Amino acid sequence: MSTVTLPLGDLHASLADPLLDAMTFLNEVTERYPDALSFAPGRPHEGFFEPEDVHSHLDTYLAHLAERGLSGSAVRTALFQYGPTKGIIADLVARTLANDEGLHAAPESLVLTVGAQEGMLLVLRALCATPEDVLLVSSPCYVGVTGAARLLDLATVPVPEGPAGGPDPEAVREAARAVRAAGRRPRALYVVPDFANPSGASMPVEARAGLLDAAAEEGLLVIEDNPYGFFAREPGARPTLKALDRRGQVVYLGSFAKTCFPGARLGYVVADQQVLAPDGRRTLLADELAKLKSMTTVNTPALSQAVIGGMLLRYDCRLREANGPARAHYAANLAALLRELERHFPPAERARLGVSWNEPEGGFFAVLQVPFTADEAAMERCAREHGVLWTPMAPFYPAGGGERRLRLSISALSEHQIETGVARLADFIKAAAS
């Protein structure tokens with residue numbers, strides 16, 4: 001029996017882009033070196049997950065539906081059938097955003113998505129109407145959004161992070177004006193203001209206000225991605241861009257992957273902007289996103305929403321308090337990483353080797369500058385010879401760069417593993433530099 005051979009050149013050009021291979025390679029190399037300590041995955045620590053909690057949260061949500069007066073058949077339908085495209089727990093998510101983020105959004109302005117990644121695709125597809133539309137992205141940038149843009153044939157233009165963290169407002173203005181001068185339309189700016197992946201950087205409050213002003217001056221919508229918000233900081237200490245937004249210019253992406261559990265694959269979009277049709281009819285951007293979603297995933301699985309909904313109910317829609325132990329764990333791990341880097345690379349040794357690192361205020365990631373090309377080959381050699389994995393930074397730079405930087409994630413490890421891993425990594429760096 002013969003099979004059809006499809007030339008790669010006849011398929012969508014994104015499939016030949018090395019960017020789309022980055023995550024696959026990390027998964028494969030982890031499987032090849034299962035005994036290596038891995039600073040690569042940005043996933044939550046599994047010690048906070050208990051299988052029996054899934055049943056408990058589901059029971060809590062089903063009881064909630066019954067308390068609202070739904071009959072047994074209505075509860076059955078809600079759980080087992082196709083549901084509303086925009087989701088079934090928007091009211092609970094809206095309450096949680098108000099409690100934990102001071103972000104007041106009407107439930108009808110939310111769309112529950114299959115992870116934040118689907119939210120990115122929907123938002124980019126809706127906002128970018130012509131080949132002339134351009135997405136500005138902070139650089140370095142999460143590969144999920146640049147990958148989504150690549151799938152949609154949407155051009156991206158990087159905006160460098162400023163010294164304070166996050167894209168520099170003046171650099172945003174310059175990038176937007178350069179795009180416009182080239183005859184294209186700068187449509188939106190994608191940014192992760194809190195503990196960004198991959199840099200770990202966070203934006204001060206003053207910088208957030210400046211960024212919103214710069215975006216407004218240049219006619220940009222802001223796509224704020226906040227996967228770490230529910231446990232990343234004390235409430236009110238550093239408001240989200242969306243909470244600061246007084247012009248309706250911020251589209252907000254959230255996720256329960258880091259703060260509840262990733263296997264639920266549940267994210268959401270707050271899209272409260274008004275859309276004006278040619279006939280004068282007005283809708284919310286969330287309604288337009290739902291149209292796109294109906295032609296992709298149809299609806300977000302009710303079972304995932306029910307489990308997360310039960311978790312929110314259990315904690316009175318206050319995830320920040322519920323995630324206190326996780327927040328303490330990640331803070332201790334980050335402190336251990338920075339302490340061990342300092343121990344293995346004291347100032348004189350850092351100067352001799354050309355090693356440096358940033359010191360994030362929290363989150364999962366830190367970035368290490370090294371005296372060699374930190375590519376996939378070097379990472380695999382480090383795993384094979386020294387038993388430790390990390391993530392090359394170059395794929396996070398849309399216009400090139402980061403070749404001598406690597407990302408270290410502390411989220412999935414214990415403090416003891418971090419101590420051992422940094423010792424192994426230090427041995428590799430010193431060997432590679434000699």
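Predicted model: local features only at pLDDT ≥ 70, side-chain atom pairs only at ≥ 80, totals over all residues.
**Entry 1: terms and model**

Residues are numbered from 1 along each chain as its sequence is written, and side-chain values use heavy atoms, with hydrogens and water left out.

**Entry 2: the chain as a whole**

I looked up the secondary structure and found 17 helices and 15 strands in the protein chain, where helices (H or I, at least four residues) and strands (E, at least two) are DSSP runs numbered from the N terminus. The radius of gyration, taken over C-alpha atoms, is 22 Å, close to the 22 Å that the globule rule gives for 434 residues, so the chain is as compact as a globular protein of that length; the rule itself is 2.2 Å times the number of residues to the power 0.38. The C-alpha trace spans about 70 × 65 × 55 Å along its principal axes.

Of the 434 residues, 53% count as buried. The accessible surface comes to about 18,900 Å², and 54% of it belongs to carbon and sulfur atoms; these areas come from the Shrake-Rupley method with a 1.4 Å probe, and for residues only the protein chains shown count as cover. Taking contacts (heavy atoms within 4.5 Å) between residues at least 6 apart in sequence, I found that 74% join residues at least 24 apart.

**Entry 3: backbone exceptions**

I then turned to the backbone, keeping in mind that most residues other than glycine have a negative phi, and most peptide bonds are trans. The bond from S139 to P140 is cis, with omega near 5°. S139 belongs to strand β3, while P140 falls in the loop between β3 (133-139) and α6 (143-151). S139 is buried at a relative accessible area of 12% and, leaving aside residues up to four places away in sequence, touches P158, V159, P160, E161, Y397 and P398.

A cis bond also joins N197 and P198, here with omega about 20°, and P198 sits in the loop between β5 (185-191) and α8 (205-217). The loop between β5 and α8 also holds F195, which has a positive phi of about 55° although it is not a glycine. D153 likewise has a positive phi, near 60°; its place is in the loop between α6 and β4 (155-160), and at a relative accessible area of 53% D153 is exposed.

**Entry 4: cysteines**

I searched for disulfides, meaning pairs of cysteine sulfur atoms within 2.5 Å, and the structure holds 0 of them. For C141, the nearest cysteine sulfur is that of C128, 14 Å away. C141 is buried, with a relative accessible area of 1%, and C382 counts as buried at 0%.

**Entry 5: salt bridges**

R173 bridges to E217, with the closest N and O atoms 2.7 Å apart; since R173 lies in helix α7 (residues 169-181) and E217 in helix α8, the pair ties together parts 44 residues apart in sequence. R173 is buried, with a relative accessible area of 14%. I also noted E342 with R350, closest N and O atoms 3.2 Å apart, and E342 is partly exposed at 36%. Salt bridges that share partners join D194, R208, R238 and E361 into one network.

**Entry 6: a nonpolar patch**

Last, I looked up a nonpolar surface patch of about 500 Å², made by V4, L6, L8, L11 and L15. Patches are made of residues with over 30% relative accessible area and no salt bridge, like charges being joined within 9 Å and nonpolar side chains (Val, Leu, Ile, Met, Phe, Trp, Tyr) within 5 Å. V4 is found in the segment before α1 (22-32) and counts as exposed at 70% relative accessibility.

Notes. Salt bridge = Lys/Arg side-chain N within 4 Å of Asp/Glu carboxyl O. Buried < 20%, exposed > 50% of the residue type's maximum accessible area, 1.4 Å probe, protein only.
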